[in-house]
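Please keep the sequence and the model in view while going through the points.

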Amino acid sequence: MLPRLFSRCFEAFTAAAFPSQCVECGGLVEARSDFASVCVACCDRVQLVREPKCLTCGFPFFGETESKAGCMHCEHLSPVFGQGWSVSLFRGPVRHLIHELKYERGFWALRDIAAMARLGPGLREFVGDAILLPVPLHARKMRERGYNQSELIVRELAKVFPDSEMGDVLERRVDTVSQTRFNRRERVRNLKNAFSLRRNRAIQPGRRYVIVDDVFTTGSTLNACAHALEQAGAGRIDVLTIGHG
């Protein structure tokens, strides 16, 4: 009890004595900011996704639209999953936060990812009582990086939304090369049969699964995971990303 109390007091002291630096502009983060690493002036650059938005990938429609079934970002996807949800656009501070978490071991960025989740309109209802599944890393990549950023994000979401729970039924069995420089068609080909159900794991047919990743780019990775779940017997599958790029 005392060590935990001391830790909290120390964190509060250091936060007051050494204010955080904004990931976007480098300025000091004021106490009244909604985020721990984004100053008040840059908070407006955190673009949380609101209605109306695409039901497949979660990208917002700027203006009125007659259909929400798809958009230019996912029109070639042929999704296996039901609905896609993106918390924010992958721009400004959000881009910096995810980059720091993914490539620089910036675990501190999880505080602001959790804050975005709390502020995300309708996200609590979307997550509901779902089983949240991180997009898995291959064992080699896991050894190399030391952690899976999608798994860390899921752990934070499960804290923010305690009605949900974390699952680990998926594995990445094919050590695919990086998707970064691939076009849409090459990404699909690269991910073919890359994911499967873990050994000694079973799908709960009556439950809803939400696959979670850091960024929605083309949706190929999320769709490959959804295909593996569907093959294993899952009936209700949706996807969620923190950023949409």
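Two strands pair if DSSP finds at least two bridges between them. Helices (H or I, at least four residues) and strands (E, at least two) are DSSP runs, numbered from the N terminus. The model is predicted: local features need pLDDT of at least 70, side-chain atom pairs count only at pLDDT 80 or more, and totals for chains, interfaces and linings use all residues. Residues are numbered from 1 along each chain as its sequence is written, and side-chain values use heavy atoms, with hydrogens and water left out.

**The sheet**

- Y209 stands opposite I237, a residue of β7.
- Strands β6 and β7 run parallel and are joined by eight bridges.
- An open sheet is formed by five strands in the order β1-β7-β6-β2-β3, with parallel pairing.
- Strands β1 and β3 are the edges of this sheet, each pairing on one side only.
- Helix α9 (residues 220-232) packs on the sheet and touches β2 (131-134), β6 and β7; contact means heavy atoms within 4.5 Å.
- The direction of α9 makes about 160° with that of β6; axes are lines fitted to C-alpha atoms, for helices over the stretch in contact, and angles run from 0 to 180 degrees between N-to-C directions.

**Helix α4**

- Helix α4 (residues 109-119) is mostly covered, with eight of its 11 residues buried; buried means under 20% relative accessible area, exposed over 50%, and partly exposed in between (1.4 Å probe, protein chains only).
- The buried residues of α4 are A109, L110, D112, I113, A114, A115, M116 and A117.
- These buried residues pack against β1 (84-89), α3 (92-103), α5 (123-127), α7 (149-160) and β7 (236-244).

**Around G167**

- G167 is found in the loop between β3 (165-166) and β4 (170-172).
- G167 counts as buried because its relative accessibility is 9%.
- Apart from neighbours within four places in sequence, G167 is in contact with I131, L132, L133 and P134.
- Although G167 and P134 are 33 residues apart along the chain, their C-alpha atoms are separated by 7.8 Å.

**Salt bridges**

- The structure holds 10 salt bridges; a salt bridge is a side-chain nitrogen of Lys or Arg within 4 Å of a carboxyl oxygen of Asp or Glu.
- Side chains of opposite charge can pair when their charged atoms come close.
- One of these bridges joins the side chains of E144 and K141, at 3.6 Å from N to O.
- E144 and K141 are separated by about one helical turn, because they are three residues apart in helix α6 (residues 139-145).
- K141 is partly exposed at 26% relative accessibility, whereas E144 is exposed, with a relative accessible area of 54%.
- The side chains of E165 and R207 also meet in a salt bridge, at 3.2 Å from N to O.
- E165 lies in strand β3 and R207 in the loop between β5 (195-197) and β6 (208-216), so this pair ties together parts that are 42 residues apart in sequence.
- E165 is partly exposed, with a relative accessible area of 35%.
- A further salt bridge, at 2.8 Å from N to O, brings together the side chains of D168 and R201.
- This pair links distant parts of the chain, 33 residues apart: D168 is in the loop between β3 and β4, and R201 is in the loop between β5 and β6.
- D168 is partly exposed at 39% relative accessibility, and R201 is partly exposed with a relative accessible area of 33%.
- Salt bridges that share partners join R140, K141, E144 and D175 into one network.
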